[in-house]
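Subject: Structure for your review

Hello,

Here is the structure I said I would pass on.

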Amino acid sequence: MGILLGVLTALTWGGSDFLARFATHRMGTLRAMLYMQLIGFILLTIALPWLGGWGHLADGSGWQPWAWGILAGSVNAISTLSLYRSFEIGKMAVVAPLSASYPVLSVSLSLLSGERLSAARAVGIVCTMIGVLLVAGGERAPDQNDAEAVRRSGKGIGWALCSAVGFGVLFWLLGTRVIPRVGAPQTVWMIRLTCTVIATAIILFARQPLRLPRNARWISLGMGAGDTSAFVLSNRAMQIEQVAVISVLGSLYGAVTVALAAIVLREHVSRWQWAGIASIFAGIYLMSR
């Protein structure tokens with residue numbers, strides 16, 4: 001069940017991040033993040049009674065669950081801002097897989113903190129990581145006659161790598177520290193609350209408009225519902241499966257985003273990138289053994 005939830009996480013996150021590409025172009029990085037987080041917060045607040053209630057946030061556990069939730073939300077805010085900025089200025093087929101390389105750090109931290117993997121799962125993780133790197137590194141040089149491709153080529157890579165480091169630390173924290181102390185859906189609720197406050201504060205400080213553009217309302221709804229659902233699925237999967245495995249499975253959203261970009265936006269997918277996608281599916285099979 002944990003493996004299935006991990007795959008569903010990747011599919012849902014991939015779709016949500018694909019929508020984020022359009023949202024950032026229509027209203028910028030900050031407002032895209034704000035409304036994704038705010039909509040997710042509202043939807044999860046409504047659904048929380050059916051997802052186990054408030055958990056350790058309201059069972060007399062004191063301030064510690066709130067502190068862990070705020071820490072996770074702050075790390076997620078930095079990571080998401082970096083991710084959305086890379087979507088805004090970079091090419092989807094490049095920056096999405098790069099940001100999805102975060103399991104390299106998550107798995108390393110998990111192993112250092114005592115988690116052990118079977119041989120098949122270890123090989124599966126390696127296959128999946130190689131696949132992600134092939135998808136990211138298999139991008140061909142842009143046609144010099146295509147001014148837009150030349151302009152966007154190479155941009156956003158720094159932001160994508162920053163988001164990968166942030167998410168790598170975040171998922172390790174979630175699986176080993178935060179979720180056991182806060183609860184799976186309750187952690188997502190705290191993340192959404194914290195990120196909404198941080199994004200609003202930055203926008204007000206920068207004196208940027210807060211209004212949600214009319215042409216971005218449905219996109220924001222899809223982003224908020226998709227990203228929040230993916231987070232809940234991922235956190236629940238970490239309660240069932242090993243953190244290293246779920247981190248890698250969740251990172252497959254990069255391949256999903258590349259596939260959607262190839263189908264909908266007609267972005268080129270090279271032979272090396274298709275080989276990477278095949279390696280990813282081989283890794284999923286081995287991790288499910």
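This is a predicted model: local features need pLDDT of at least 70, side-chain atom pairs count only at pLDDT 80 or more; totals for chains, interfaces and linings use all residues.

Core. The largest nonpolar core has 73 residues, and the members that touch the most others are Y84, F87, F171, L174 and F231. Helix α1, residues 2–47, gives the most to this core, with 16 residues. For Y84 I also listed the contacts, leaving aside neighbours within four places in sequence: D17, A20, T24, T29, A32, M33, M36 and M223.

Buried arginine. R21 is placed in helix α1. Buried or exposed? R21 counts as buried, because its relative accessibility is 18% and the cut-off for buried is under 20%. Not counting residues up to four places away in sequence, R21 touches F87, M92 and L265. F87 is one of the core residues named above.

Helix α4. This helix covers residues 103–112, and P103, S106, V107 and S110 are buried in it. Viewed down the axis of α4, the buried residues fall within an arc of 95°, so they line one face of the helix. After α4 comes G114, with a positive phi near 110°.

Helices α8 and α9. Two packed helices are described by the angle between their axes and the distance between the axes. Here the axes of α8 and α9 come within 8 Å and cross at roughly 140°. The two helices are therefore oblique to each other, since an angle has to be over 145 degrees to count as roughly antiparallel. The crossing of α8 past α9 is right-handed. On the α8 side the residues that meet α9 are A184, T187, V188, I191 and R192. Their partners in α9 are D227, T228, F231, V232, N235, R236 and Q239.

R207 lies in the loop between α8 (184–206) and α9 (217–240). Most residues other than glycine have a negative phi. R207 is not a glycine, yet its phi is positive, at about 60°. With 79% relative accessibility, R207 counts as exposed, because the cut-off for exposed is over 50%.

Regards

Terms used:
Residues are numbered from 1 along each chain as its sequence is written. Side-chain values use heavy atoms; hydrogens and water are left out. A nonpolar core is a set of buried Ala, Val, Leu, Ile, Met, Phe, Trp, Tyr and Cys residues joined through side-chain atoms within 4.5 Å. Buried means under 20% relative accessible area, exposed over 50%, partly exposed in between (1.4 Å probe, protein chains only). Helices (H or I, at least four residues) and strands (E, at least two) are DSSP runs, numbered from the N terminus. Contact means heavy atoms within 4.5 Å. The arc is that of the directions from the helix axis to the C-beta atoms. Axes are lines fitted to C-alpha atoms, for helices over the stretch in contact, and angles run from 0 to 180 degrees between N-to-C directions. Angles under 35 degrees count as roughly parallel, over 145 as roughly antiparallel, 65 to 115 as roughly perpendicular and the rest as oblique. A crossing is left-handed if the near helix is turned anticlockwise from the far one by less than a right angle, and right-handed if clockwise.
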